Amino acid sequence: MMNVERGRLCELFDGVLDFITLRGSHNDDPYSGFSVCDYTGDIPEHYRDCRTTLAAELGIAPTHIIQPRQVHGDKITILDDNFFALHDEARTLLLDGVDGIITSRRKVAIGVNTADCVPILIYSYQGARLAAAIHAGWRGTLAKIAAKTVKLMQQAGGEKFAAYIGVSICPRCFEVGDEVADAFAAARLDGEIITRNPATGKAHIDLQAANRCLLTECGIAPEMIFTDGRCSRHDPSGNYFSARRMGVSSGRTFSGIMLL
């Protein structure tokens, strides 16, 4: 698949495909390259063409690529039979303001769009077969959206889980104000989540480590949590969108998961 990089979960399990899209461009235009995101100012013809291409590469219809309109919150929606019975406009309304989605439906690619925030993909491989896609910026991380998603998956019958923490901003690049650092300190997450740049005194947050902590607290085995580690802001490949590098008005990297 030319525009897609396969993830870690599908290397371990036959019943799932996890993936990220690749921008494939070093052009200075913040919308250049491959992006399926429809709410950050890109022209419709571009993201629709990209979505059609992605669907063809995945072997599904474009309408089977499901993405919420994220708002840095902790609202999670389960995509059940009632959701798929809705027409497109009603689905779009239901997904507005959502940062996490869960489904048991096969051959439907669910995913989130990111440009520095943390994408998290979760697969329930024992009990009910479920897939989840989560968008966790610093606000969503503090709201423990990852933990809330796992809890909902457990309530839906999931028993054992594997998770992929995707390409996102690294702690070296993620400088924050003291009010954000204080909020993370108050959250009492384990590990070295907060560091200080000795040259500037500014606080830096490790969002990937924070979300890994939340997932382990939910009972996911550490060896079943895979952290990508690549930084969306400074990775030299040019394959990932970064709001800190390119501006908020730019394309997005889509991290998706599909039950087979």
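1. Strand β14 (residues 253-259) and β6 pair in the antiparallel sense over six bridges, where two strands pair if DSSP finds at least two bridges between them. Helices (H or I, at least four residues) and strands (E, at least two) are DSSP runs, numbered from the N terminus. Within this pairing, glycine 111 has glycine 256 of β14 as its bridge partner.

2. The model is predicted: local features need pLDDT of at least 70, side-chain atom pairs count only at pLDDT 80 or more, and totals for chains, interfaces and linings use all residues. Residues are numbered from 1 along each chain as its sequence is written, and side-chain values use heavy atoms, with hydrogens and water left out.

3. The β6-β14 pairing belongs to an open sheet of five strands in the order β1-β2-β14-β6-β3, with mixed pairing. At its edges stand β1 (4-6) and β3, each with a single partner strand, so one side of each has no neighbour in the sheet. Helix α2 (residues 44-58) lies across β1, β2 (16-21), β3, β6 and β14 and runs at about 150 degrees to β2. Contact here means heavy atoms within 4.5 Å; axes are lines fitted to C-alpha atoms, for helices over the stretch in contact, and angles run from 0 to 180 degrees between N-to-C directions.

4. An open sheet of six strands, also with mixed pairing, has the order β4-β5-β8-β7-β9-β13. Its edge strands are β4 and β13 (225-227), each of which pairs on one side only. Neighbouring strands of this sheet are turned against each other by 15 degrees on average, direction ignored. Strand β9 (residues 158-165) pairs with β13 in the parallel sense over three bridges, and tyrosine 164 has phenylalanine 226 in β13 as its bridge partner.

5. Phenylalanine 241 is placed in the loop between β13 and α9 (243-246). With a relative accessible area of 1%, phenylalanine 241 is buried; buried means under 20% relative accessible area, exposed over 50%, and partly exposed in between (1.4 Å probe, protein chains only). Phenylalanine 241 and serine 25 are 216 residues apart in sequence, with their C-alpha atoms 9.8 Å apart in space.

6. The structure holds four aromatic pairs. Rings of Phe, Tyr and Trp (its six-membered ring) pair if their centres lie within 6.5 Å; planes under 30 degrees apart count as stacked, over 60 as edge-to-face and the rest as tilted. Phenylalanine 19 and phenylalanine 254 form a tilted pair, at 6.1 Å centre to centre and 45 degrees between the planes. Phenylalanine 19 lies in strand β2 and phenylalanine 254 in strand β14, so the pair ties together parts that are 235 residues apart in sequence. Both phenylalanine 19 and phenylalanine 254 are buried.

7. Phenylalanine 83 and phenylalanine 84 form an edge-to-face aromatic pair, with 5.2 Å centre to centre and 90 degrees between the planes. Phenylalanine 83 counts as buried at 1% relative accessibility, and phenylalanine 84 is buried with a relative accessible area of 12%. Phe13, Tyr123 and Tyr125 form one aromatic cluster.

8. A search of the whole structure finds seven salt bridges, each defined as a side-chain nitrogen of Lys or Arg within 4 Å of a carboxyl oxygen of Asp or Glu. One of them joins lysine 148 to aspartate 74, with the closest N and O atoms 2.4 Å apart. Lysine 148 lies in helix α6 (residues 145-155) and aspartate 74 in the loop between β3 (65-66) and β4 (76-79), so this pair ties together parts that are 74 residues apart in sequence. Lysine 148 is partly exposed at 36% relative accessibility, as is aspartate 74 with a relative accessible area of 31%.

9. Aspartate 81 forms a salt bridge with arginine 105, the closest N and O atoms being 3.1 Å apart. This pair links distant parts of the chain, with aspartate 81 in helix α3 (residues 81-84) and arginine 105 in the loop between β5 (100-103) and β6 (109-114), 24 residues apart. Aspartate 81 is exposed, with a relative accessible area of 57%, whereas arginine 105 is partly exposed at 31%.

10. Arginine 196 forms a salt bridge with aspartate 178, the closest N and O atoms being 3.0 Å apart. Arginine 196 is in strand β11 (residues 194-196) and aspartate 178 in helix α7 (residues 178-187), 18 residues apart. Arginine 196 is partly exposed at 44% relative accessibility, and aspartate 178 is partly exposed at 43%. Salt bridges that share partners join Glu5, Asp228 and Arg230 into one network.
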